[in-house]
Amino acid sequence: MPFVSNRMLRITRFFALLLLCMTRLAAQQAHSGTIVGVLEELPAEDSERSAKVRVVQIAFEKHENDWVAISSESGQDVPKEITWTIAFDGRNLGKITANTDNNASVYSPGKLQTIVSTTPVPTVGERSRDFSGQLEVEVLRPLVAVSAPNFSDPERWKPATFSPAVVSSFRTAFRRHFGKLCRTAPSDPSKLKPFSYSDEQLKVVKSYASQSGWKLSRMHLDGAIDCNDTDAGFEIDDPWFVMDTNGSVLYLDSGMFLVDAGDYDGDGKSELIFSIDRDNRGGYRIFYDEFRKRAQLEYSYH
């Protein structure tokens, strides 16, 4: 009997060890995909946080061939602590380590991490209202944070100036997408009237191009309202269009600004990350696979 008991004990210990190894392996596999976040500066919120604070907003994870948004409601598990590579314009700005913060901000109810490393936190430029969205306070520029050391931009997206022919193509795409525009009637702001506009009124306010010949354009038209929009009364929020190497133009989305471009999953192609900047809406969008695919993390401020 003692022999049987010892044998059973050894078997029990073996299976316990096997279960532990399988559990650890499953946890490693669950986090095998590259995670992308954004290094943000949050404004003062209330008496509990009277000063600006920098955090990492966890945004997307690569699952096989697709990026998936990570939010506090998604139920996706992420490592409690991540050492991030901070990327900007194809460069490695340094590393920071951050821990999951269970107290999500009202400004950003996704998965936030508090910076715990003591090294200087990378910064680009000065504080500006351009980066705060609807909060209308001056904050530092958001920077992409990657859980892997992937920071290069092989497609080399840069600000560009387009020829009149290219601008004309973007304007044609704008007119095609927004077939019927209105504006508020001067005599009664609660009513809309048809809006005819010239090419000169439709402006390209931001433009970028890749080394391979893709082009991005952010367009602006003062006072324009989509007549078919169910939220009539809100002006068109600077739509973005992209042109491929054959000259075909595609509408991307509205109400956002470009954060950065980079090969964050190491597949040799650049992804583009935009910050959502709309009325009472914030978050991020990632475009990939030559703009054929996207993932979106979006939330409201109120």
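Trainee: How many salt bridges does the count come to here?
Mentor: Eleven salt bridges, and bear in mind that this is a predicted model.

Trainee: Pick one for me. Which residue does Asp66 form a salt bridge with?
Mentor: Lys293 is the partner, and the closest N and O atoms are 3.0 Å apart. Asp66 sits in strand β3 (residues 66–69) and Lys293 in strand β19 (residues 293–300), so this pair ties together parts that lie 227 residues apart in sequence.

Trainee: Is Asp66 buried, exposed or partly exposed, and what's its relative accessibility?
Mentor: Asp66 counts as partly exposed because its relative accessibility is 30%, which falls between the 20% and 50% cut-offs.

Trainee: And what about the relative accessible area of Lys293?
Mentor: Lys293 has a relative accessible area of 30%, so that end is partly exposed.

Trainee: Okay, moving on to Asp253. How far is it, N to O, from Arg285?
Mentor: That salt bridge between the two side chains comes out at 3.4 Å. Asp253 belongs to strand β15 (residues 249–253) and Arg285 to strand β18 (residues 281–288), so the pair ties together parts 32 residues apart in sequence.

Trainee: Are those two buried or exposed?
Mentor: Asp253 and Arg285 are both buried.

Trainee: Which residues are linked with Asp253 in a network of salt bridges?
Mentor: Arg285 and Arg294 are linked with Asp253 in that network. In the salt bridge between Asp253 and Arg294, the closest N and O atoms are 2.7 Å apart. That pair also links distant parts of the chain, with Asp253 in strand β15 and Arg294 in strand β19, 41 residues apart.

Trainee: What's the relative accessible area of Arg294?
Mentor: Arg294 is at 36%, so Arg294 is partly exposed. Arg285, by contrast, is buried.

Trainee: Changing topic: where is Gln57 found?
Mentor: Look in strand β2, which covers residues 53–63. Gln57 has a relative accessible area of 0%, so Gln57 is buried.

Trainee: And what does the side chain of Gln57 reach?
Mentor: The backbone oxygen of Lys111, at 3.4 Å.

Technical notes: Residues are numbered from 1 along each chain as its sequence is written. This is a predicted model: local features need pLDDT of at least 70, side-chain atom pairs count only at pLDDT 80 or more; totals for chains, interfaces and linings use all residues. Side-chain values use heavy atoms; hydrogens and water are left out. A salt bridge is a side-chain nitrogen of Lys or Arg within 4 Å of a carboxyl oxygen of Asp or Glu. Helices (H or I, at least four residues) and strands (E, at least two) are DSSP runs, numbered from the N terminus. Buried means under 20% relative accessible area, exposed over 50%, partly exposed in between (1.4 Å probe, protein chains only). A polar contact is a pair of N or O atoms within 3.5 Å; within protein, one must be able to donate a hydrogen and the other to accept it, and residues adjacent in sequence count only if both atoms are side-chain atoms.
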